[in-house]
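Let's take a walk through the inside of this protein, starting with its nonpolar packing and moving on to its aromatic rings. Keep the model open beside you as you read.

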Amino acid sequence: MMERERSTDARKALSLLEEGRTDEARALLGNAADPSALAMRLHAVLTNRRPVAGYGEAGARFGPDDADDPDTPAVRTLDHVLRASEALRSGHTETLVAEARAARADAPDHPWLLLNVGSVLQAAYRFTGRPALRAEALETLAAVADRTDRPHTAVAARALLGNIHMMHGAFHRALDRCEAALALATATGLADHPAAAMGHQFRGYVLYEWNRLDEAAGALKRAWSLAGPERRGVASGVARMLARVEATRGRQDEADRWLGRLERIVAEPMTLRNREWLAAVQAGRSLGPGDLKAVDAWMTTYDYRPDALLEMSDAAIRARLHEIDTVLTLLEATRQWPALRTVAPKVAGAAGTERAWYAVRAHSAEAVALAAEGRHDPADVALGRALELGAPGGFVRAFLDGSPLRRTLLERAASASAPGAALHHARAVLASDSSGSPAPAALTPAQMDVLRRVADGGSNRAVARELGVSVSTVRTHLRAIFRRLDAASRTEAVARGRALGIL
């Protein structure tokens, strides 16, 4: 009788999760506090097994109970998801990849399960930078994102799609996905639901990179209020980014408060990388009072010394790009030019075009080191590589955050006589920095096509005919152009485009 009741509870919980009624599913399964704990509890009910003590540590497994374990797609999927999560916690990247892919192979057509599978595939892509994993994560989450009959999971899936595009450096697609997530949340009465938190979170990340600081702060604070500190995955990322936003806005006391919140949230870090990530944040914070010993201690503790980085494989660097970007930042801040000049190209090569933002940071850091040593021509070449790679994503803060030499290099690039993507993007970054307006590269290629034809005097109907799209599509592009260039009319958008050097 008890076994039958447990099986009924499991089926009912899956049904509740499919309908987005997560709180009811948690109550049915013993009030599991977060998605990971909920997956564990659901797995225990489905299989009549109990998690052993110490779950989440290396080697932890599930212990058997009295009944035989059922072999169903849902159970197998959860097995793989939980093992992938365990590998993420313990830092075993290849196990994470294998279990995430196995989960995808076994997953039934169930939105909540597919959302969890897409989440671990996203993590696998983050720590490997493999294009195939990006494609698998996008395909898995797209199957959920279009299920508007299940809005809770669809909203979360759209936000995760935005995050994957952002990790790849496709910031326009990322913003579009986040805005689609928030539009669906609003349309289905979920605007004030925690499901919408990630949409605001990743939207805030993009807006910060585009130097739209007030909008970024608003989006991130909205994410914080919806998620609450108990949802640590969202809360930790939001607190870290708000600390950066507030520091950039010159509000150091507020930045310190957000760093304090971050440290409390991850007092018991969720993953191995999370522990190194928090240590990196703390090391960067120590630069304020000039505590270079703390910086050296961090590099030694986690073996991020320049000579060690030069010996790292590309795969090892890709697994730690966030922390290694902090290494570059610290080397730049402490004016260790020879070390920065040799390490930065290694990082840029490992990141490649697949993790474009990190490659841009590394190329621009190399340019700073070369310029500081008086090697101006190779510095211009390195910055040109960064500008060409950063233009499609509209990166701004990637070029501005760091040594004052960065602005000097940008001004040299902006005054070059030869036209090209590097010239236009250097001017865009400088214009955004001085005006606080979105960079012109925040327009997608399709939006640029429309803006050019409008600048040539084309009507909506003429533009639609030339591009082979509907008039409605042209109007949609124009609304996005107005929003992203802070313009109120076609004339103003064209004037803004010409002032910023993109027309």
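A nonpolar core is a set of buried Ala, Val, Leu, Ile, Met, Phe, Trp, Tyr and Cys residues joined through side-chain atoms within 4.5 Å; buried means under 20% relative accessible area, with a 1.4 Å probe and protein chains only. This is a predicted model, in which local features need pLDDT of at least 70, side-chain atom pairs count only at pLDDT 80 or more, and totals for chains, interfaces and linings use all residues. Residues are numbered from 1 along each chain as its sequence is written, and side-chain values use heavy atoms, leaving out hydrogens and water.

The largest nonpolar core holds 128 residues, and Trp298, Phe399 and Leu410 have the most contacts inside it. Pick out Leu410: beyond its neighbours within four places in sequence, its contacts (heavy atoms within 4.5 Å) include Leu383, Phe399 and Val429. Another core, of 16 residues, lies apart from the largest one, with Met448 and Phe482 among its members.

Now for the rings. Four aromatic pairs turn up in the whole structure, counting rings of Phe, Tyr and Trp (its six-membered ring) with centres within 6.5 Å; planes under 30 degrees apart are stacked, over 60 edge-to-face, and the rest tilted. Phe171 and Phe395 are edge-to-face because their planes meet at 70 degrees, with ring centres 5.0 Å apart. Both of these residues, Phe171 and Phe395, are buried. Trp224 and Trp258 also have centres 5.0 Å apart, and their planes stand at 85 degrees, so this pair is edge-to-face. Trp224 and Trp258 are both buried.

Technical notes:
Buried < 20%, exposed > 50% of the residue type's maximum accessible area, 1.4 Å probe, protein only.
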